[in-house]
Amino acid sequence: MGLITGFEKIARCGEPLAMHTWFQLGGPAEYFAEPENAEQLIALVRRCHEEDVPVRVLGRGSNILVRDEGAAGMVIRLSAPDFTKIKVDGQEVTAGGGAALGHVVTTAVHEGLAGLEGLIGIPGTTGGALVGNAGVHGSDIGQWTVRTTVVSQTGEVYGRESDELDFAYRQSNLDEIAILEATFQLEEDDPNELARRMQKYWIAKKASQPMGHQCAGCIFKNPRGTSAGELIEEAGLKGTRIGGAVVSDRHANFIVAEPECTSQDVLRLIDLVRSQVHDRLGIELQRELEIW
Ligand SMILES: Cc1cc2nc3c(=O)[nH]c(=O)nc-3n(C[C@H](O)[C@H](O)[C@H](O)COP(=O)(O)OP(=O)(O)OC[C@H]3O[C@@H](n4cnc5c(N)ncnc54)[C@H](O)[C@@H]3O)c2cc1C
């Protein structure tokens with residue numbers, strides 16, 4: 001029996017991943033699936049576990065670079081309506097792991113619930129945001145998260161409460177295969193005031209990053225007390241190019257992919273930036289971008 005036997009409606013082989021990522025680069029997934037509900041997801045995770053095939057969940061691919069040769073194993077997207085629901089109950093907002101973060105933020109603002117509005121403009125899904133504790137300027141998604149429901153590598157489903165969740169700068173201890181759902185406890189506020197605040201954040205965010213280009217988010221994490229973008233600029237690397245990959249002129253911690261760019265170009269440019277910043281400024285940059 002093949003790995004996807006019985007899952008033909010939701011799974012296929014050799015799906016190109018470039019179109020599922022912000023960089024729009026890289027090769028195919030060996031196996032790819034978009035389950036319709038949690039039962040199908042769990043059955044698929046169990047099958048992969050039995051067959052010893054690694055599984056990864058892809059959000060919107062805004063923090064991932066897929067290698068040119070593609071990704072081995074099973075890649076799952078939680079794109080079906082069952083995974084993208086958003087519910088509001090009093091001061092709690094519960095969102096599916098596949099729900100767009102922007103949609104969660106605007107729902108909360110519309111309901112007069114404050115906390116998440118600073119995250120407006122961060123692309124991706126709730127699941128992706130939780131794994132990397134997405135945030136801006138000292139505010140992050142983890143600080144509002146009170147509960148998650150996850151699927152383990154063996155296909156077990158369980159809840160994790162806030163005392164079992166650790167969030168730090170661009171990291172969390174959510175290391176299960178899939179985040180199905182998360183609940184955020186927010187604070188009541190005036191919806192009009194909140195909407196104004198959100199709009200201000202949105203304008204500032206748009207002004208700070210390259211628009212209309214193929215890119216992911218920040219390539220490197222900010223070292224304590226300083227900004228990776230400023231260090232890269234200080235090292236004189238703005239505009240540096242390898243093949244079709246260029247260090248952005250707008251924000252040096254972004255790499256933009258021009259037509260003809262390959263993942264290998266981006267990987268080589270990342271190595272170059274890291275080694276030059278180290279040689280010129282003595283600081284070791286840590287990658288924020290995930291490589292698949
Ligand atoms: C223009 C731009 C601006 C950005 N600005 C910011 C910013 O201001 N702040 C910031 O923190 N980030 C920023 N990012 C980075 C990125 O948007 C965030 O990291 C985002 O949270 C990633 O979400 P995603 O759904 O795209 O995840 P992906 O990139 O698809 O995946 C990231 C990780 O999460 C895992 N994952 C995704 N969904 C699930 C799930 N349901 N269950 C389990 N694991 C899952 C993946 O396996 C992978 O390990 C920016 C990116 C871009 C392109």
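Biologist: Which residues come nearest to the ligand?

Modeller: Of the 31 residues around the ligand, Val-57, Ser-62, Thr-125, Ile-179 and Glu-290 come nearest; a residue is near when one of its heavy atoms lies within 4 Å of the molecule. Before we go on, this is a predicted model, where local features need pLDDT of at least 70 and side-chain atom pairs count only at pLDDT 80 or more, while totals for chains, interfaces and linings use all residues. Residues are numbered from 1 along each chain as its sequence is written, and side-chain values use heavy atoms, with hydrogens and water left out.

Biologist: Which element gives the most to the shell around the ligand?

Modeller: Helix H3 does, with four residues. Strand S3 (55–58), H3 and S15 each supply at least two residues of that shell. Helices (H or I, at least four residues) and strands (E, at least two) are DSSP runs, numbered from the N terminus.

Biologist: How many salt bridges does a search of the whole structure find?

Modeller: Side chains of opposite charge can pair when their charged atoms come close. The cut-off is a side-chain nitrogen of Lys or Arg within 4 Å of a carboxyl oxygen of Asp or Glu, and the search finds 16. One of them joins Glu-117 to Arg-197, with the closest N and O atoms 3.0 Å apart. Glu-117 lies in the loop between strand S8 (113–114) and helix H3 (126–131) and Arg-197 in helix H4 (residues 191–208), so this pair ties together parts 80 residues apart in sequence.

Biologist: Is Glu-117 buried or exposed?

Modeller: Glu-117 is buried, at 7% relative accessibility, whereas Arg-197 is partly exposed at 25%. Buried means under 20% relative accessible area, exposed over 50%, and partly exposed in between (1.4 Å probe, protein chains only). For another case, Glu-176 bridges to Arg-160 at 2.9 Å between the closest N and O atoms, and both of these residues are buried.

Biologist: Where do Arg-274 and Asp-271 lie?

Modeller: Both are in helix H6 (residues 263–281), three residues apart, about one turn of the helix.

Biologist: Which residues other than glycine have a positive phi?

Modeller: Most residues other than glycine have a negative phi, and most peptide bonds are trans. Among the positive cases here, Asn-133 has phi near 40° and Glu-260 about 80°. Asn-133 is in the loop between H3 and strand S9 (135–136) and is buried at 1% relative accessibility. Glu-260, in the loop between strand S20 (255–257) and H6, is exposed at 76%.
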